[in-house]
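Student: I would like to go through the labels used for this model and ask what each one rests on. Please set each value against its cut-off.

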Amino acid sequence: MAEDITSHFNEKGFVIAENLLNLKEIEHYKHVLKLAVKSRKQLDKRQLSEKTEYEQSFIQCQNLWEDFQELRELTFDQRIAGIAAKLLGVKRLRIWHDQALIKESGGRETDTHHDQPYWPIKETNTITAWIPMVSISEHNGHMGFFSGSHKVKEKRFINIFNGKVGQEELEKLPQLKGLKPEYVDLKPGDVSFHHGLTFHNAKPNLSSEDRPVFTIIYFADGSTRGNDQFHFSVDRASIGVGEVIKSDVTPLAFPIEKPPNRPKEPISDKFVFPKSLGLLPQD
Ligand SMILES: O=C(O)CCC(=O)C(=O)O
């Protein structure tokens with residue numbers, strides 16, 4: 001099976017690992033994820049319609065492992081990280097960050113993009129595990145992947161943060177030429193993995209329930225900082241351009257015996273109530 005999913009991943013840039021977690025675990029993580037998001041977003045009283053277009057795609061809370069011990073178990077789960085390492089073909093992985101992506105009931109689509117340009121990592125040995133806490137279908141924000149788009153080794157920054165991305169911009173991308181997204185339905189316990197260069201999007205949530213999802217982003221150990229674009233995962237540790245990305249805010253994720261300790265300066269201590277993008281604690 002592992003061989004199959006690796007060749008599928010290499011060919012398509014995404015793959016599904018079915019039944020990786022059991023239903024009891026998913027029920028547990030669904031509960032703790034809900035509490036974590038509630039805590040981080042306690043000051044945000046806005047209705048969906050009052051949010052920016054970007055925020056109408058999902059409620060986003062990053063670096064939850066640093067603040068919530070029970071989610072740390074998930075972020076550093078060796079079954080998930082082990083598959084991610086296998087898919088990337090590397091022996092050791094680090095955490096870039098984790099996050100909740102809760103597409104609210106009525107939430108709009110997630111615009112087409114790939115992830116790598118959002119991260120100042122020079123090498124492109126990166127992968128995201130996308131872990132739904134409910135069944136995912138066309139009704140509640142399933143993801144669509146542009147199969148093979150990761151093979152064009154070129155980073156294109158798509159600005160999804162300022163509102164809907166124009167079709168004209170997407171049509172010009174060599175990565176998407178002749179491709180349509182392959183939408184993927186998932187059961188609780190399934191985990192999808194996508195490469196940092198794979199273009200993807202997600203459908204709106206037409207259902208009456210929020211779509212709770214937790215994602216974990218990993219990068220190959222030994223990767224270096226590629227540019228000076230600000231990012232919490234390198235700037236908190238003062239990692240300079242060209243230096244190896246290695247600190248207690250991006251700890252080893254695989255292989256490890258047990259989850260790491262909380263970083264010396266956890267994100268919610270250092271960045272209290274930031275009013276930026278709604279990415280981080282509170283706001
Ligand atoms: O969950 C979504 O709607 C989008 C997820 C995504 O873009 C990602 O995990 O890279």
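Tutor: Two strands pair if DSSP finds at least two bridges between them. The strands and helices themselves are DSSP runs (H or I for helices, at least four residues; E for strands, at least two), numbered from the N terminus. Residues are numbered from 1 along each chain as its sequence is written. This is a predicted model, in which local features need pLDDT of at least 70 and side-chain atom pairs count only at pLDDT 80 or more, while totals for chains, interfaces and linings use all residues.

Student: How do you know that β3 pairs with strand β11?

Tutor: β11 covers residues 252-254, and two bridges join it to β3. The pairing rule asks for at least two bridges, so the two found here are enough. The strands run antiparallel, and Leu-93 has Phe-254 in β11 as its bridge partner.

Student: What makes β3 a mostly covered strand?

Tutor: A residue is buried if 20 or more other C-beta atoms, placed from the backbone, lie within 10 Å of its own; it is exposed at 12 or fewer and partly exposed in between. In β3 (residues 93-102), 10 of 10 residues are buried.

Student: Why is Ile-121 called buried?

Tutor: Ile-121 is called buried because it has 24 C-beta neighbours inside 10 Å, and the cut-off is 20 or more. Ile-121 lies in the loop between β4 and β5. Residues are in contact if their C-beta atoms, placed from the backbone, lie within 7 Å. Not counting residues up to four places away in sequence, Ile-121 touches Thr-126, Phe-219, Ser-223, Gly-226 and Ile-245. Its C-alpha atom is 9.9 Å from that of Asp-228, which is 107 residues apart from it along the chain.

Student: Why is Lys-30 neither buried nor exposed?

Tutor: Lys-30 has 15 C-beta neighbours inside 10 Å, so it counts as partly exposed. That residue sits in helix α2 (residues 23-40). Leaving aside neighbours within four places in sequence, Lys-30 is in contact with Met-133 and Pro-212.

Student: Which residues of helix α5 are buried?

Tutor: In α5 (residues 78-88) they are Ile-80, Ala-81, Ile-83, Ala-84, Ala-85, Leu-87 and Leu-88. Gly-89 follows α5 and has a positive phi, near 75 degrees.

Student: What makes β4 and β7 edge strands?

Tutor: They belong to an open, antiparallel sheet of four strands in the order β4-β9-β6-β7. β4 (110-113) and β7 (182-184) each pair on one side only. β4 and β9 are joined by two bridges, and His-113 stands opposite His-200 in β9.

Student: Which residues surround the ligand?

Tutor: The criterion for being near a molecule or strand is a C-beta atom, placed from the backbone, within 6 Å of it. The shell consists of Phe-58, Leu-101, Lys-103, Thr-110, Asp-115, Thr-128, Trp-130, Gly-141, His-200, Ala-202, Val-213 and Thr-215.

Student: How do the shell residues divide by type?

Tutor: Five are nonpolar, five polar and two charged. Here Ala, Val, Leu, Ile, Met, Phe, Trp, Tyr, Cys and Pro count as nonpolar, Asp, Glu, Lys and Arg as charged, and the others, Gly among them, as polar.

Student: What is the average confidence of the chain?

Tutor: The average pLDDT (the predictor's confidence in each residue, from 0 to 100) is 93, and 94% of the residues score at least 70. Over residues 273-278 the pLDDT is below 50, and beyond near neighbours in sequence this stretch has nine contacts in the model.

Methods:
Contact = placed C-beta atoms within 7 Å.
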